[in-house]
Amino acid sequence: MRSELPPSLRAAMDAPPVPPKAWQDGVGPAFVSLWISVVFLDRLAQGTLLVGGLGPSLVGAVLAGLLGYWGLYYAPAIWGAQTRRPLSVVASSTFGAWGSRWIPGVLLGVISIVWFAITIDYATQWSLSGLAALDMLDPKQLETAHRGASFQPRPLFLFVAAVWSLTSAVIGILAVRLVAAIMLVYPIFAAIALGLALLWAIPTAGLGPIAARPFEGGGWRAIATMAQLMFGFLAANALASADWGAASNSPRDARLGGLVGVMLAGPIVATVGLLIVAGALGRPLDASDPGPAVGAVTGPPTIASARAALARTPADAPPVTLREVFLRPIGGRIGGTGLLVLSLALLGPACFNPFVIARQFSAIWPAVPRLAWTIAGALLTWPLILTGLARRTELLFGLIGAAAAPVAGAMAADYALRKGRWPGPRRGVNLAGMIAWAVGLGVGLVPYVGFPQVQPASMLSFVAAFVVYAILAMVRLEPPAMAAEVTEPAPPEVAEQAE
């Protein structure tokens with residue numbers, strides 16, 4: 001029977017055990033540090049705070065935290081903790097021993113390339129902005145030329161982005177454990193920077209656009225947009241909960257880590273990010289300041305001016321990003337230091353994404369060296385950065401969610417039908433899982449083919465995949481499982497990720 005398994009799956013099942021960890025030493029901090037990333041926080045306020053105000057935005061955040069834990073995180077994490085195996089093994093039940101090589105195998109590798117591009121773009125933006133705020137760089141070097149539809153970043157930006165990407169690719173293979181050890185501690189400094197910015201913002205957080213009653217329909221739009229952004233941001237990362245579950249002491253540790261790191265940390269960090277921007281919007285800006293506008297309110301805010309800002313569509317509204325808040329009105333040494341601290345917090349993701357790229361693709365094509373896969377991944381990020389697509393996070397979060405959420409939806413349905421017990425790899429390709437993923441992907445892409453009002457699309461794609469898998473499993477479209485073949489522990493790459 002083992003001869004029916006692909007070599008990569010057999011190798012994963014035969015690998016030695018991983019030293020387990022308590023939730024507070026592994027999965028919990030991992031997901032907390034994920035949320036405090038500026039990739040998540042930078043543009044969070046644009047389609048939420050300015051559209052529907054703070055209250056509805058936070059409702060969407062809480063909804064995303066709840067559904068993110070129970071939907072995206074729970075089933076992979078518990079199966080990983082039960083079997084002591086990573087995603088590459090536990091997903092072989094839902095998608096088949098051979099099907100799981102592609103979904104989620106290769107799919108997760110492609111998503112990691114996109115995440116790598118986003119991370120490098122933001123690390124470059126924030127580090128250069130920090131140097132500019134500290135008067136160590138000409139602010140003109142931060143400007144980006146737009147000629148029609150063309151996006152033309154400055155040569156300095158391109159050079160720094162290239163150095164970040166290639167260096168991270170090499171470190172991701174040669175020293176990923178060292179970086180992982182450093183990043184277990186470093187997010188504390190990023191959290192301190194956000195906490196200080198929050199203290200600065202609290203006195204004026206109620207004076208900007210959130211003081212006005214949202215225009216008709218704005219509250220529901222803010223809820224849907226926040227839920228879509230957070231669910232899409234979490235979707236691919238939550239699949240790794242199987243790996244973290246495999247490195248946990250027990251299913252209880254996997255549950256506690258998810259409760260703290262996903263359900264609680266996500267909405268709390270989103271609240272902090274929104275309040276910082278709200279505080280900036282509530283402050284009058286210095287008209288002589290040549291820097292970029294932070295928000296729609298440029299003088300002492302009134303209800304009328306706040307309503308006018310809220311009435312603008314996200315496409316027409318001026319940028320309201322966390323980076324601009326640190327540049328101005330915080331500015332100076334404090335703002336510049338905050339920008340640099342938060343940019344360095346991206347070192348971990350920047351190095352870990354190439355590691356995932358190499359791991360996912362080398363499992364399918366082992367003849368290609370892992371270093372070659374990481375360099376190829378770095379080169380593939382450049383078109384996304386050169387065209388400006390890497391900074392369109394609201395679009396990319398939606399696309400990533402459309403692709404990854406149905407994976408979790410199908411696995412959650414498989415988990416529910418098996419009453420939480422992992423049945424083992426299924427022979428060949430599990431058509432129930434493949435069809436469920438394809439249907440979920442189609443639902444998740446609906447907003448991008450002419451129906452933008454269908455939101456939160458990532459959540460809908462999860463539900464669609466769950467329902468379709470359940471129906472197809474009931475009509476016995478699943479191949480038989482090979483439960484007797486699964487007695488070995490999780491593979492060593494789990495230890496590399498957890499450490």
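Reader: Where does Asp-135 lie?
Author: Asp-135 is found in the loop between α7 and β1 (145-147). Helices (H or I, at least four residues) and strands (E, at least two) are DSSP runs, numbered from the N terminus. The model is predicted, so local features need pLDDT of at least 70 and side-chain atom pairs count only at pLDDT 80 or more, while totals for chains, interfaces and linings use all residues. Residues are numbered from 1 along each chain as its sequence is written, and side-chain values use heavy atoms, with hydrogens and water left out.

Reader: Why is Asp-135 called exposed?
Author: The relative accessible area of Asp-135 is 71%. Buried means under 20% relative accessible area, exposed over 50%, and partly exposed in between (1.4 Å probe, protein chains only). Asp-135 therefore counts as exposed. Its phi is near 60°, a positive value in a residue other than glycine.

Reader: What makes Lys-419 an exposed residue?
Author: Lys-419 has a relative accessible area of 79%, and is therefore exposed. This lysine lies in the loop between α19 (393-417) and α20. Although it is not a glycine, Lys-419 has a positive phi of about 55°.

Reader: What confidence does the predictor assign to the protein?
Author: The pLDDT, which is the predictor's confidence in each residue, from 0 to 100, averages 82 over the protein, and 83% of the residues score at least 70. Over residues 211-216 the pLDDT is below 50, and beyond near neighbours in sequence this stretch has 17 contacts in the model. Residues 286-319 also have a pLDDT below 50, with 63 such contacts. Contact means heavy atoms within 4.5 Å.

Reader: Why is the pair of Trp-115 and Phe-397 called tilted?
Author: Rings of Phe, Tyr and Trp (its six-membered ring) pair if their centres lie within 6.5 Å; planes under 30 degrees apart count as stacked, over 60 as edge-to-face and the rest as tilted. The structure holds 22 aromatic pairs. In this one the ring centres are 5.7 Å apart and the planes stand at 35°, so the pair is tilted. Trp-115 lies in helix α7 and Phe-397 in helix α19, so the pair ties together parts that are 282 residues apart in sequence. Both Trp-115 and Phe-397 are buried.

Reader: What makes Phe-462 and Phe-466 a tilted pair?
Author: Their ring centres are 6.5 Å apart and their planes at 35°, so the pair is tilted. Phe-462 and Phe-466 are four residues apart in helix α21, separated by about one helical turn. Phe-462, at 13% relative accessibility, counts as buried, whereas Phe-466, at 30%, is partly exposed.

Reader: How do you know that the side chains of Arg-426 and Asp-414 meet in a salt bridge?
Author: A salt bridge is a side-chain nitrogen of Lys or Arg within 4 Å of a carboxyl oxygen of Asp or Glu. For Arg-426 and Asp-414 the N to O value is 3.9 Å, and the pair counts as a salt bridge. Arg-426 belongs to the loop between α19 and α20, Asp-414 to helix α19, 12 residues apart. Arg-426 is buried, with a relative accessible area of 6%, and Asp-414 is buried at 0%.

Reader: Why is Ser-343 called buried?
Author: Ser-343 has a relative accessible area of 1%, and is therefore buried. This serine lies in helix α16 (residues 332-344). Leaving aside neighbours within four places in sequence, Ser-343 is in contact with Ala-123, Trp-126, Ser-127 and Trp-164.
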